[in-house]
Amino acid sequence: MDALTRRRFLLASGVVGGGAIAAGVGGLGLAELLRTASDASASEDHRKARKLVIVTLYGGNDGLNTVVPYADPAYHAARPELAYEPDRVLRIDDSLGLNPVMKGLSRLWSAQRLAVVLGAGYPRPDRSHFRSMDIWQTASPSDPATSGWIGRWLDGIKATPEAAVSFEPMLPPLLVGETRTGACVSIGGLKLPAGVTTDMIGVLGRREPNESGMQARAADAYANLIKIDQLIRDAEAVDARADVPAEPDIAATGTGGANLLSEQLSRVAHCVEAGVPTRVYSVSLGGFDTHAAERPGHELLLRQLDQALTSFAGRLAQTEAGQRVSVVVYSEFGRRVRANASDGTDHGTAGPVFVLGPQVAGGLYGEQPSLTDLDDGDLKATTDFRDVFGTLLASVLDADPARYLGGYEPKMLPLLPRD
Amino acid sequence: MGFAYICCMADASLLLRRAGFGPTASELAAAKKAGYEATVAALTAPTAPDVGALKAPLPGLGPDPFAGLSNPTPSQRSKGDEKRREQTKRITQWWLDRLTVADHQTREKLWFFWHGHWATSVRKVIRPQLMLVQHRTLRSSLDFATMAHRMVTDPALIYWLDGQLNTRTAPNENLGRELMELFMLGIGRYTERDVKEAGRALTGWKIDYDSGRAYFSPASHDGGRKSILGVTKNFDAHSLVDLLLAHEACPGFIAERLWFRYASSTELIPMSTRDNMVRAFPDTMAMLRRLFEDDAFRASAGGLVKQPTEWFVGAMRQLGLRPGRLSDEVLTYALNALERMGQLPFAPPSVEGWAAGAEWLTVGAAQVRLNLAGRIAQLVPAQRLTPEDVAHVLAVETWTNRTYSALKGTTDPQRLLTLGLASPEYLVT
């Protein structure tokens, strides 16, 4: 079966994915979501529940230039133009250092709130973006699966729609279960053609007596479009009043647009503080497919990542609800050890996974893969990524990991010691 | 002028909307004059040559930019990728243009249906040349039996379902499964063992990318005996297809799929309608004709949502526009919008094909559609229009009170067209 096969409700199709941009199937307006926190005593309970934020880096992040094995001569030999000199990296021990632009994460490391899981991957690595991302999100390396690992958890706990929320433009497979899916919450307002008013669309959205059921549903879509637009505006009015710490300045980028990751994480923080019942949030940053002229582009992305994560972590630390949040950052694969001829790197295998948050026991987990004992030019994974996700299922979501990892019994990592 | 007349007026417009991509006002008037039966005959067995289609002949793309490059340099690679994207855009524009200008709307619509049936995407196949090869194959297959035989060795379909990796020593069941589940029999009409054995029968087909052809490699083929659907012999790709064509489920499955796209995506096909269509198998145009002549087809009015491509091409036809003449900016906008609405030709989201029914009616799709309608309306140089003019141009019988009051809210012709194109009655047939 093609990995695409059972997921037509997803991905490239704008139908449900795109529909979910502004709350289609499994969609929810931000204001509606915030409204789920309106019951004061319930929201107090929700603030106490542990929460997980999953950050997906699309494109294949170059792990070796993120957590740099600066002391290894093989690193410098394999990618002379791309390697960082030992005196530039932000050292985390006498062999590894963070990329020089990741100053905020380096501070989190010093505060022992950043865990770095080294060499995370899976058996028989696949170098297709699509397939490998599918493997990480379904946590099923051997067979294509029809549901994401969080989706299966949603099935298992018979979750309500707001239990898992994505602030991405399309619902990721991660949040899709067999019977339940997470909700896609839109960021950004309604755009209409020039001169066409929301009143006109509101009129198109009225049902007519005696029209066919399908025609009535076509009308409903317009009515809902207007309704959701209103909900979002209400929420943004709330946002504007809320005492929200200022966003850090983001270096101007050549890629256009805002730092969407920081915007997504700011929405997460807002929901956490408001006490919404969401337990899992999915956010993402794309553009890591650095086949050519890697260094400037990669640094730009890592800087965005660093600033977004650092400001988010800082905000979490300020509230009691924020104290209950943990963040995991992963990508579908790392990149080849050896640079290619255009100062970039091609698709590789294992890479580091970050886990951070007020409850996280910082430090290194697992082993840095060897740069000389390679599998056809690529790193050999030393940690199965399902050990990380399994640990998070157990420690954050109080779930039985094997039940949601297709029977895989993960090796538990002491990332989140219980108090 | 009694009830029967009104009924048949409605019927002719239902027929034209379903059989093609959206009738122009003059096509609709001609159909009403000719009557339902004569229109069915003219649509399904056109006698005159397709003069309109001559304006949009099949494009030639030349060789794949990677042809002959066994180890491309990074610069060759990025130029090649760029060239492929541009070629993909060119064939997509061409197809939309062809759908718009062709007179033989029913034939073009049926070929579009087959694209959704075999649902192969350039997103994985990467090579627009192979997509065009498949497109020609679909056009030139006169019945389903011929089509199935040609598709099972079609290079784009093979690549889409990993057939080139399916060998005697490493069997891959992807193509075998979909051949039964999605293309020829329907789910549940075979066992998992049948799937595995079918996969073995399909081993040995490889792709020569430079020439755009599939070829048979005997060394990779599993020549042993296979038991499939109760028959045991040394099946290969073509004897497998013969077996599936002869299976009792196959003709009914194809009738069901046609019903799903042409009559209703929510109601099941009535038994008598299916039996009637099955008698014309494997001639799928004849099956379609039987469907159009069936009372159940006429009763299905109001239940089918236009697919985004139908909606877009219909608007182009009715407004006298051509996708082939759009500026690059508008074209790019339109292709992005089609993709976000879930139907970019040559790029179905999955091997299961396009969505249907209420899946097209999400809030997100509504927003994209409104904005694309606005862009299309800007291309029309109309100075003055009334709501009645818009109904006439868009071949809408009559506006509902709702839409009429929305249209009454403006006198600007472009806004009127935008609202008309977005209206629920224009979206549903």
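A residue is called buried if 20 or more other C-beta atoms lie within 10 Å of its own, exposed if 12 or fewer do, and partly exposed in between, with the C-beta atoms placed from the backbone. By that criterion, strand S9 (residues 280–285) of chain A is mostly covered, since five of its six residues are buried. The model is predicted, and local features need pLDDT of at least 70, side-chain atom pairs count only at pLDDT 80 or more, and totals for chains, interfaces and linings use all residues. Residues are numbered from 1 along each chain as its sequence is written, while chains are lettered from A and ligands numbered from 1 in the order in which they are written.

**Chain A overall**
- Chain A holds 13 helices and 13 strands, where helices (H or I, at least four residues) and strands (E, at least two) are DSSP runs numbered from the N terminus.
- Of the 419 residues in chain A, 58% are buried.
- With contact taken to be C-beta atoms, placed from the backbone, within 7 Å, 73% of the chain A contacts between residues at least 6 apart in sequence join residues at least 24 apart.

**Strand S9 and its partners**
- Strands pair if DSSP finds at least two bridges between them, and S9(A) runs parallel to strand S2 (residues 51–57) of chain A, to which six bridges join it.
- Within that pairing, Val280(A) of S9(A) is the bridge partner of Leu52(A).
- Strand S7 (residues 164–166) of chain A also pairs with S9(A) in the parallel sense, over three bridges, and Ser282(A) in S9(A) stands opposite Ser166(A).

**Helix H5 and its packing**
- Helix H5 (residues 103–110) and helix H11 (residues 294–317), both of chain A, pack at an angle of about 45 degrees with their axes 7 Å apart, the axes being lines fitted to C-alpha atoms over the stretch in contact and the angles running from 0 to 180 degrees between N-to-C directions.
- That angle makes H5(A) oblique to H11(A), because angles under 35 degrees count as roughly parallel, over 145 as roughly antiparallel, 65 to 115 as roughly perpendicular and the rest as oblique.
- H5(A) contributes Lys103(A), Gly104(A), Leu105(A) and Leu108(A) to the contact, and H11(A) contributes Asp306(A), Gln307(A), Leu309(A), Thr310(A) and Ala313(A).
- The buried residues of H5(A) include Leu105(A) and Trp109(A), and the elements against which its buried residues pack include strand S6 (114–121) and strand S11 (351–356) of chain A.

**Helix H22 of chain B**
- Helix H22 (residues 413–422) of chain B is mostly covered, with nine of its 10 residues buried, among them Arg415(B) and Gly420(B).

Methods: Contact = placed C-beta atoms within 7 Å.
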